[in-house]
Amino acid sequence: MTDEARPALRATSPEDDADRQILVDVGEGRLDALEGLYDRYRTMAYAIALRITADPTLAEDVVQDAFLGVWRHASRYVEGRGSVKTWLLSIVHHRAIDAVRRRKPVTELPDTELPAPSQLIEGDIWPEVAGRLDAVEVRAALDSLSTVQREAIELAYWGGLSQSEIATQTGVPLGTVKSRMRLGLQVLHGALVRHAGEAVHRPSLIDRPGASA
Amino acid sequence: MTMTCDDVRDQAAGFVLGVLSLDEAAAVRAHLASCDQPHAEFAELGGVVPYLADSLDPVEPPVGLRARLLAAAAADLADTATVRASVPATVRASVPAQASLPVPTSPIPFPSAAEREQRATARPSGRGTWMLRIAAVLAIAVLGGWNFQLQSRLSGVEGDLAAAQAYRAAVTAVLDAAAQPGAQSGFLAAAGPASRATGVVAATGGSVILAVENLAPTTGAQVYEAWVIVGDAAPVAIGGFEVGAGGTGVFRGSTAFAAPGAIVALTLEPAPGATAPTSPVVTLGTVMGAAG
């Protein structure tokens with residue numbers, strides 16, 4: 001993939017650029033590139049899989065399965081829809097949820113092959129945020145949520161429960177579950193942007209040219 | 001299922017968090033694909049979701065996972081290379097075995113951790129199947145890997161062909177060992193960005209044999225040292241060997257593999273007799289047993 005062939009993109013972090021190059025190499029069947037990708041994200045991938053499955057053996061299978069999916073289908077990554085990191089970790093997440101729901105994977109990968117409606121931008125949508133938040137800041141942003149909002153989001157994202165199951169488990173109507181998830185995500189959005197705005201002014205994270213475009 | 005704009009807005013949070021049923025998610029997609037409304041709620045809510053994972057502390061996966069992933073990926077690659085018939089005619093003519101082996105039509109399943117666990121605790125009834133499966137995977141990966149190497153050495157230099165043939169002969173010996181009752185076997189995948197060394201290993205009846213290609217030749221007193229790592233224990237040296245210009249390494253030694261899941265690794269050591277690795281691992285793999 002040459003720079004000339006790429007459409008004009010929003011600014012991305014150097015890590016994103018490095019990841020994209022690794023993914024190109026992975027797509028060409030280079031085992032060392034796969035190993036490089038594994039080394040960059042193995043601890044995050046395993047943390048996600050372990051959190052969802054709560055089973056070290058199953059989590060190991062999920063991570064292997066996810067990286068093998070990337071190995072076989074690196075070309076399915078769509079550049080404009082998020083970073084390689086987000087894409088990879090979303091695959092881990094999908095596979096882990098599939099595993100705990102005890103069903104066969106229904107899609108090889110998040111369905112980028114399906115028609116991709118322009119509204120469906122998943123992740124990394126704010127260049128001003130991307131790459132500037134660490135776990136401490138994200139946890140601080142999560143603390144902005146009310147307990148019930150946080151519970152609804154965590155049961156959904158980490159528990160793999162359906163909305164009805166969350167309603168049953170928390171003893172509230174389905175509509176309440178939906179509004180808690182929606183409000184919780186909105187609050188989190190605001191908190192993340194706020195934290196990222198503060199991060200922009202830190203000297204170690206000086207804006208690169210064009211990053212605010 | 002047909003959804004209105006309001007229905008879709010109502011389901012947006014569930015959609016981006018991945019809690020909708022497949023039918024519901026498909027209906028949301030179908031609506032968005034044909035709707036001229038911006039539905040900005042998906043970007044607003046969905047953009048948050050990747051950050052949820054950032055709230056976790058990283059967790060180091062088991063050390064064997066790397067080798068297992070790379071071995072499975074190597075098997076995939078070999079599969080592709082076998083199917084890909086782009087070997088130049090001059091080279092292909094000297095590759096007698098290529099056409100006579102079955103060409104896999106689907107990715108070869110590699111044993112999952114769950115399967116390994118099951119085997120470790122299960123009765124011997126699945127043993128024959130498992131052994132056949134390992135042998136098939138080995139055969140395909142080896143043949144494919146060999147072809148792949150040939151393809152990447154398009155010059156067809158005599159020495160390269162000799163090296164490929166030496167490797168192939170060694171692999172045949174490993175395959176024979178892997179077919180013995182009670183044998184354990186596995187792939188060795190390249191470790192580290194500088195290494196292209198890959199190989200196979202089999203252990204049976206207190207002896208171990210491994211074949212590796214693409215090793216840098218040894219010089220002076222250098223040897224490649226083979227190590228066995230069981231669980232969290234320190235690596236145990238099982239012997240060393242030298243490698244010539246062809247880059248093929250073959251090692252036969254005596255060692256008992258007690259537990260399935262042991263890791264075999266190679267390092268390049270300055271002299272024979274190392275008791276602990278002094279240099280980075282160049283290739284490694286997990287050895288798994290056939291017996292239940």
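**Reading the model**

Reply: We may begin with the contact between the chains, to which chain A gives 61 residues and chain B gives 52 residues. Please bear in mind throughout that this is a predicted model.

Me: Which elements give two or more residues to the side of chain A that touches chain B?

Reply: They are helix H2 (31-53), helix H3 (56-72), helix H4 (84-100), helix H5 (135-142), helix H6 (147-157) and helix H8 (174-200) of chain A. H2(A) supplies the largest share of that side, 14 residues. Sorted by class, the side of chain A that touches chain B comprises 35 nonpolar, 14 polar and twelve charged residues.

Me: How is the size of an interface often given?

Reply: It is often expressed as the accessible area lost when the parts come together. Here the description rests on residue counts, 61 from chain A and 52 from chain B.

Me: How many helices and strands are there in chain A?

Reply: Chain A has eight helices and zero strands, and its pattern along the sequence reads α-α-α-α-α-α-α-α. Of its 213 residues, 43% are buried. Among contacts between residues at least 6 apart in sequence, 72% join residues at least 24 apart in chain A.

Me: Is A:Leu50 buried or exposed, and why?

Reply: A:Leu50, which lies in helix H2 of chain A, is buried because 20 other C-beta atoms lie within 10 Å. The cut-off for a buried residue is 20 or more such atoms. Setting aside neighbours within four places in sequence, A:Leu50 is in contact with A:Pro56, A:Ala59 and B:Val59.

Me: In which sense do S7(B) and strand S4 (residues 223-229) of chain B run?

Reply: They run antiparallel and are joined by seven bridges. Within this pair, B:Trp227 has B:Ala265 of S7(B) as its bridge partner.

Me: Why is strand S3 (residues 207-213) of chain B largely enclosed?

Reply: Six of the seven residues of S3(B) are buried, so the rest of the structure largely encloses this strand. Strand S2 (residues 198-204) of chain B pairs with S3(B) in the antiparallel sense over seven bridges, and B:Ala202 has B:Ile209 as its bridge partner in S3(B). S2(B) and S3(B) form a hairpin with two residues between them, and B:Gly205 in the turn has a positive phi of about 50°. S3(B) also pairs with strand S6 (residues 249-254) of chain B, in the antiparallel sense over six bridges. There B:Ile209 stands opposite B:Arg252 in S6(B).

Me: What is the mean pLDDT of chain A, and where is the pLDDT below 50?

Reply: The mean pLDDT of chain A is 77, and 71% of its residues reach 70 or more. Over residues 104-116 of chain A the pLDDT is below 50, and this stretch has 17 contacts in the model beyond near neighbours in sequence. Residues 121-125 of chain A also have a pLDDT below 50, with 22 contacts beyond near neighbours in sequence.

How values were computed. Residues are numbered from 1 along each chain as its sequence is written. Chains are lettered from A and ligands numbered from 1 in the order in which they are written. This is a predicted model: local features need pLDDT of at least 70, side-chain atom pairs count only at pLDDT 80 or more; totals for chains, interfaces and linings use all residues. Helices (H or I, at least four residues) and strands (E, at least two) are DSSP runs, numbered from the N terminus. A residue is buried if 20 or more other C-beta atoms lie within 10 Å of its own, exposed if 12 or fewer, and partly exposed in between; C-beta atoms are placed from the backbone. Two residues are in contact if their C-beta atoms, placed from the backbone, lie within 7 Å. Two strands pair if DSSP finds at least two bridges between them. Ala, Val, Leu, Ile, Met, Phe, Trp, Tyr, Cys and Pro count as nonpolar, Asp, Glu, Lys and Arg as charged, and the others, Gly among them, as polar. pLDDT is the predictor's confidence in each residue, from 0 to 100.
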